[in-house]
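Subject: Structure handover

Hi,

Here is the structure I promised to pass on.

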Amino acid sequence: MKSNLTSLSDLNTLHDYDPNAMSVEQARAFIRQFLTPITGQETVPLHTAWQRTLASDVISPMHIPPHDYSAMDGYAVRAVDCVQGTETLKIIGSSYAGHMFEGSMAKGACVRIMTGALIPDDCDSVVMQEHVTVVGDIIMLNKSVRAGQNIRRAGEDIQQGALVLARGQTIRAAEMGVLASLGLSEVQVYRKLKVAIFSTGDELQQPGTSLLVGQIYDSNRFTLMGLLAGLGVEIIDLGNIQDDKAILKQAMLDAAQQADVIITSGGVSVGEADYIKQLLAEIGEVVFWKIAMKPGRPLAYGKINAGDKIGSSHFFGLPGNPVAVMVTFQQFVRDALLILTGQQPKPAFTLQARCTSPIKKIPGRTEFQRGVVSQTADGEWTVQTTGEQGSGILSSMSKANCFIVLPVALGDVAAGTMVEVQFI
Ligand code: AMP
Ligand code: MG
């Protein structure tokens, strides 16, 4: 056979290539149809709300800032007293943040004021301290004053009654601050999505124990924990399950009993006893099985019905190979979890970059090569692969800051070609 294959892994993947496998885009759309966001809600203390999803709109109970405040250190004045910009004014008191000026303003007077301090009644402007000369309790202006200058107006950030945050919003650091600025100590969010994870494989040992010949450490469960950690979900860690049909079945049913979503790794490839596929057909439904992507096929998506539990759980059977776990999670599972949590995930951030190294690729599947993208001194984005791209080379994920996304129809990529990179 005449071919340009250079390695055994090329041969294997070519052999493995299945024209009936679903495309990445189709698979995403397919999963999407099955995702109905959870409806349960709870009220949580604001300090625990990070990455949770707002379950109701937040309407501002007040103006932010609540009153007019000084934006500068300087002197609060009446602009009518400062028309020339050369006037002298008498300092009659002071206003500090948290300690307002209690007296009353008079013509030709001013009040020493600090950033964040309340603007005294009858003052309408603040002169920066850099724009005056101070002699005793007299200031001489060096500059004319524009009425209203250097004042943070009540409501200039948020107006009382305004929609501040909408239902479905992820509560990130900024939202935590915004909610606190409104005086709210609690927030109404959707309940946490419960996500059960387990690994499968007789060869797996847990970190911290010693390895027998032929064993490897279970890394996938830990990558998954890391991937899930920032999503505001509850992780139910079910450990490692042996490649035994009865034990697996029980594990899948237990997981479905407790969780909204089950994510497993391993045990879905054609080469090994594909119990999971059979079990899924038995206790739920297999929605699809293969995706035309590399790494990451096969990937199973289905549902599991667990006894008396209302509704079925989503099941993602990720491949066992560690890189494939991360790629499939990021391409399919992450967004699905966010949608189930009531959010509307934004598409991954991508840009076009010049690929500085050639890449071998077989048309017929989308490839997610691990890359390092950077910007040259003259502003051009360039990317190179992290090197060896086998789906067991987990260090490639650690080195990478992006995926180089090579579309289905594309073949070999010559050095210098523009490619799409997706930031991780
Ligand atoms: P499988 O999909 O079960 O055939 O696994 C594919 C490859 O991934 C095999 O080399 C497994 O040993 C490896 N693998 C499966 N599960 C894990 C895991 N949890 N951690 C690390 N490697 C794994
Ligand atoms: Mg296995």
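Some housekeeping before the rest. This is a predicted model, in which local features need pLDDT of at least 70 and side-chain atom pairs count only at pLDDT 80 or more, while totals for chains, interfaces and linings use all residues. Residues are numbered from 1 along each chain as its sequence is written, chains are lettered from A and ligands numbered from 1 in the order in which they are written, and side-chain values use heavy atoms, with hydrogens and water left out.

Most residues other than glycine have a negative phi, and most peptide bonds are trans. Glutamine 51 has a positive phi, near 70°, and is found in the loop between β1 (41-45) and β2. (Helices are DSSP runs of H or I with at least four residues, strands are runs of E with at least two, and both are numbered from the N terminus.) Aspartate 122 also has a positive phi, near 75°; its place is in the loop between β6 (109-113) and β7 (125-128). Aspartate 122 is exposed, at 58% relative accessible area.

There are cis peptide bonds too. One runs from isoleucine 64 to proline 65, with omega near -10°, and proline 65 sits in the loop between β2 (58-59) and β3 (69-70). Another runs from lysine 294 to proline 295, with omega near -10°, and proline 295 is in the loop between β19 and β20.

**Domains**

The domain assignment gives domain 1 (8-38 + 191-340), domain 2 (41-59 + 167-190), domain 3 (69-152) and domain 4 (350-423); such bounds come from an automatic or database assignment. Taken over C-alpha atoms, the centres of domain 2 and domain 4 are 38 Å apart.

**Two helices**

In α4 (residues 220-229), the buried residues are Asn220, Arg221, Thr223, Leu224, Leu227 and Leu228. They cover an arc of only 160° around the axis, so they are on the same side of α4 (the arc is that of the directions from the helix axis to the C-beta atoms). Gly226 and Ala229 are exposed on the other side of α4. The partners that the buried residues of α4 pack against include β13 (194-200), β16 (234-241) and α7 (322-340), where contact means heavy atoms within 4.5 Å.

In α2 (24-33), Val24, Ala27 and Ile31 are the buried residues. Their arc around the axis is only 60°, which puts them on the same side of α2. Among the elements that they pack against are β21, α7 and β23 (366-375).

**A pocket and a threonine**

What lines the second largest pocket? The lining has 39 residues, of which Arg334, Asp335, Leu338, Pro345 and Lys346 lie nearest the centre of the pocket. (On a 1 Å grid over the protein atoms alone, a pocket is an open set of points with protein on both sides within 12 Å along at least five of seven lines, and lining residues have an atom within 4 Å of a point.) α7 gives the most to this lining, with 9 residues.

Threonine 341 is in the loop between α7 and β22 (350-355) and counts as buried at 4% relative accessibility. Leaving aside neighbours within four places in sequence, threonine 341 is in contact with Ile38, Thr53, Tyr190 and Leu193.

Cheers

Note on methods:
Buried means under 20% relative accessible area, exposed over 50%, partly exposed in between (1.4 Å probe, protein chains only). On a 1 Å grid over the protein atoms alone, a cavity is a set of points where a 1.4 Å probe fits but cannot get out, and a pocket is an open set with protein on both sides within 12 Å along at least five of seven lines; lining residues have an atom within 4 Å of a point.
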